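Good morning, and thank you for making time on the agenda. I would like to take you through one model, which is now coming up on the screen.

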Amino acid sequence: MKCSNSMKFLLSGALLVVMGQAAQAAEVVVYSARNEQLIKPLFDAYTKETGVQVKFITDKEGPLMARLKAEGRNTPADILLTVDAGNLWQAAQEDLLKPVDSQALKTNIPAYLRDPGNQWFGLSVRARTVIYNRNKVKAGELTTYEDLAGPTWKGRLCLRTSKKVYNQSLVAMMIAEHGEEKTEQIVRGWVANLATDPFPDDTKAMEAVAAGLCDATVVNTYYYGRLMEKKPNLPLAIYWPNQKGKETGVHVNISGAGVTKFAKNEREAIKLLEWLSSSKAQNLFADVNMEYPANRSVMWDATVAAWGNFRQNQINVSEAGKLQTRAVMLMDRAGYK
Amino acid sequence: MTASERAPGPGAFSFFSTPRLTAWGIAALTLIPVLVVASALVDPDQEIWAHLWQYTLPELLVNSVWLALGVGLGVSFLGISLAWLTAACDFPGRRFFTWALLLPLALPAYVTAFVWLGWLDFTGVLPTWLRETWGITQVPPIRSRGGVIVVMTLALYPYVYLTARAAFQGQGRRLMEAAQSLGMGRVRGFFRVALPMARPGIVAGLSLALMETLADFGTVSVFNYNTFTTAIYKAWFSLFSLSAASQLASILIFFVLVLALLEQASRQQRGYAQSSRAGGASARILLDGWRAGLAFSFAGGVFLLAFLAPFTQLLVWAWQAAAIDLDPRYFEFIGHSLLLSGLGALLVAALSLALAYAQRLAPSPGMLFTTRLATIGYALPGAVLAVGFFIPVAWLDNLIIDQTRAWSGHEIGQVLGGTLVVMLLAYCARFLAVGFGTIEAGLGRITRSLDEAALVLGVGGARRLRQVHLPMLRGPLLVAMALTFVDIMKELPITLMTRPFGWDTLATRVFEMTSEGEWERAALPAVAIAIAGLLPIFLLIRHSDART
């Protein structure tokens, strides 16, 4: 009968997997929401340099955090790595991380890119800026994120969906700066200026700008880099908003990591984080995805540097986490889908 | 179930004497994760719930109902008409279309959705061409309710096609002959006899398509179309409110259970058994002239839109991505995918058979309720079920680790987490509906007088299942396994959450690429999934054609 055969298969398969789990000497275990092709080159380099094995598993942030919580003190994970500050803040909030006292991390990573309680550290910077159509936007028309809500932009704006965490933290940072009431007005203004329904991703929004459906959009710069690499002739250009006088600068988020509360290999975990923040690893970390290094002493990748220098918003990125729920609800109220 | 073979006879403690216990045991697999999720209800999040109620629930209720209605009608129309054409008629290309029309099942729906967006959105190939060549700017938007419904219909109609076709084929010659002897023409015979008799099969496929529609996150996200499931994800992963998410999930489950029970109740009184001597395959209705042309264009059109066109696009992308991404590891990914899908399909089919058989041995309203509960996992958004399943496994693991430490002082790692057994059980919790629906419909076609006759001849228990029912269930069992196989090939949240370290599959490769928006690179693993998914589809059709 089929059933009995399948049982045999099953058991032997299980045995194989269990046997494959034999413990290694020095190793670090990472739960990562940053995808495989962006982290594996780094971990491979680390293993080559130090002999320490890095085991990792990728998933979305939500399930990874649910997993950490369920596993509690017996979790195999030493490090949680995510692609935005909001989730790291939430992980700290749920008591899944532990403070790390490391001089190297403090020196390498600027204060606004790490948790004030030292539970997590930014490792690369993701700038969310304005991309516009060179043929349709006149000089001086672009100024700030806030201004995209104004009458000049009626019917000229494209946006990605509010469901993406990058937009949620952008709005959260605006709440930190302007308060909820004013931010809601701004977001309502954006929605009123939309040329079409929000897009599922940044690339689609930029393609719409290039095709002339709208004139400007707000995206993470590495999507712009990727698109222009593939289609260099698109009439798109980058604009750094909020750079004048007292304006707070370009919105940045981080890809970052923290040590889990019940890390078994705490010392190795901290060493890995320190290595990731060091100049040689920082280039690799940022450059594989055309992001900006978090470590200020590190040179930018040539493509990235060509986009020009800009002032970053230096409000601590943990605000994005703190205010994320409020931002999501605000965007719902404003009808930003 | 291995125990069943040794069952000494009536009265002994075995599967055959305790069908209710068996059914509950299987249902527990799904029920535990559902209860884990529902337990968050104890701690309601008033503020967030009030917010959802005021700003998002009305919209997403309307959206979900429209989506379910539209996809339900769409898959029924395509599935039933194509099943009838290939099962009961003959027209040029029928043999090819018989299996080719199943192929859309092998493509992950959210990947094809992205292909459609690339073609038909404002910046897509077609509207751009229309604009630049003809000056036509008014093109119906693909990112709309209609667009989602069409794309999901094209992805999901094969469920209905497959189960309806199995039902039509099972009807055999005598049924239509009887209808004709009563003076019915072919059209009336179809609507009055063949279609109503095929109802359990059609409903089995339709409920799979609807459950998948309601639980879908990937496809609707591509269109930014808000549904119950996107709201569940948002409540959980953006508002960080597990309780609001489980409130929404509980409503979804309730909705699906009520529908399932209503449907069951409406046909409770009728029997769908067919004569054991159905008279073999009926003579096909030979279509000629314009009818043949119409049938060919219809089947060909659906095949082109649902599979050939998106698959070709994926092949082009895959070819470009292969230069950078194709490495020897792909053998490993394919191997893992095949292993998981193969074992998962066997296990799901075995448990589904046990559940359906338990229901046949001890039919009762309570049993009916149990089986519906057992199959609810398919209607739950994948990530929710994955977490619901993971939490009790982690709890058990912690128990084992802590006890070992207390008893022996030794520190051990996770025993259950990251094992194949846990992965396979989680797949069962999710895909039981896929196996059960088809097997239940197949079992329903076997008349009960056959069971009694067997018993009179002294054939009961395991022998009756093996010698009488199993041979008649070969078709439905194969369908169940093939469907589960391709579903597991594409499955993401459970695979991501329960796989061992460094153990990647084709589906997780798709995830790695799409999570940072690199859809074109995701085409390579998606194409590999489709090609690997062809295998069971070929086997399935070879079998079903062997009978005709």
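Over which residues of chain A does pLDDT stay under 50? The answer is residues 12-24 of chain A, for which the model has 13 contacts beyond four places in sequence. Here pLDDT is the predictor's confidence in each residue, from 0 to 100, and two residues are in contact if their C-beta atoms, placed from the backbone, lie within 7 Å.

Some conventions before I continue. This is a predicted model, in which local features need pLDDT of at least 70 and side-chain atom pairs count only at pLDDT 80 or more, while totals for chains, interfaces and linings use all residues. Residues are numbered from 1 along each chain as its sequence is written, and chains are lettered from A, with ligands numbered from 1, in the order in which they are written.

To complete the picture of confidence, chain A averages a pLDDT of 91, with 93% of the residues scoring at least 70. For chain B the mean is 86, and 93% of its residues reach 70 or more. In chain B, pLDDT stays under 50 over residues 1-12, for which the model has 26 contacts beyond four places in sequence. The scores for the model are ipTM 0.88 and pTM 0.89.

I turn to the interface between the chains. Here 51 residues of chain B are in contact with 55 residues of chain A. On the side of chain B that touches chain A, the elements giving two or more residues include α3 (46-88), α14 (329-361), α16 (382-408) and α17 (420-444) of chain B. Helices (H or I, at least four residues) and strands (E, at least two) are DSSP runs, numbered from the N terminus. The most is given by α16(B), with nine residues. By class, this side of chain B has 27 nonpolar, 17 polar and seven charged residues; Ala, Val, Leu, Ile, Met, Phe, Trp, Tyr, Cys and Pro count as nonpolar, Asp, Glu, Lys and Arg as charged, and the others, Gly among them, as polar.

Next, the domains of chain A. The assignment, whose bounds come from an automatic or database domain assignment, gives domain 1 (27-125 + 252-303) and domain 2 (127-251 + 321-333). Their centres, taken over C-alpha atoms, are separated by 28 Å. Between them, 14 residues of domain 1 of chain A are in contact with 14 residues of domain 2 of chain A. On the domain 1 side, α4 (85-93) and β8 (251-259) of chain A each supply at least two residues, and α4(A) gives the most, with five. The residues on that side divide into seven nonpolar, five polar and two charged.

Which residues have the most contacts inside the largest nonpolar core? They are A:Leu80 and A:Val209, in a core of 287 residues. A nonpolar core is a set of buried Ala, Val, Leu, Ile, Met, Phe, Trp, Tyr and Cys residues joined through C-beta atoms within 7 Å. A residue is buried if 20 or more other C-beta atoms lie within 10 Å of its own, exposed if 12 or fewer, and partly exposed in between, with C-beta atoms placed from the backbone. Helix α7 (residues 145-181) of chain B gives the most to this core, with 18 residues, and at least three residues come from each of domain 1 and domain 2 of chain A. Leaving out residues up to four places away in sequence, A:Leu80 touches, among others, A:Tyr31, A:Leu64, A:Ala91 and A:Ala257.

Two backbone details deserve a look. A:Asn118 has a positive phi of about 60° although it is not a glycine, and its place is in the loop between α5 (103-108) and β4 (121-133) of chain A. B:Phe240 likewise has a positive phi, of about 50°, and is not a glycine; B:Phe240 lies in the loop between α11 and α12 (242-266) of chain B. Are these residues buried or exposed? A:Asn118 counts as partly exposed because it has 18 other C-beta atoms within 10 Å, whereas B:Phe240 has 23 and is therefore buried.

Finally, helix α20 (residues 474-490) of chain B. Of its 17 residues, 14 are buried. From first C-alpha to last, α20(B) reaches 25 Å, close to the 24 Å expected at 1.5 Å a residue, the expected span being 1.5 Å times one less than the number of residues.
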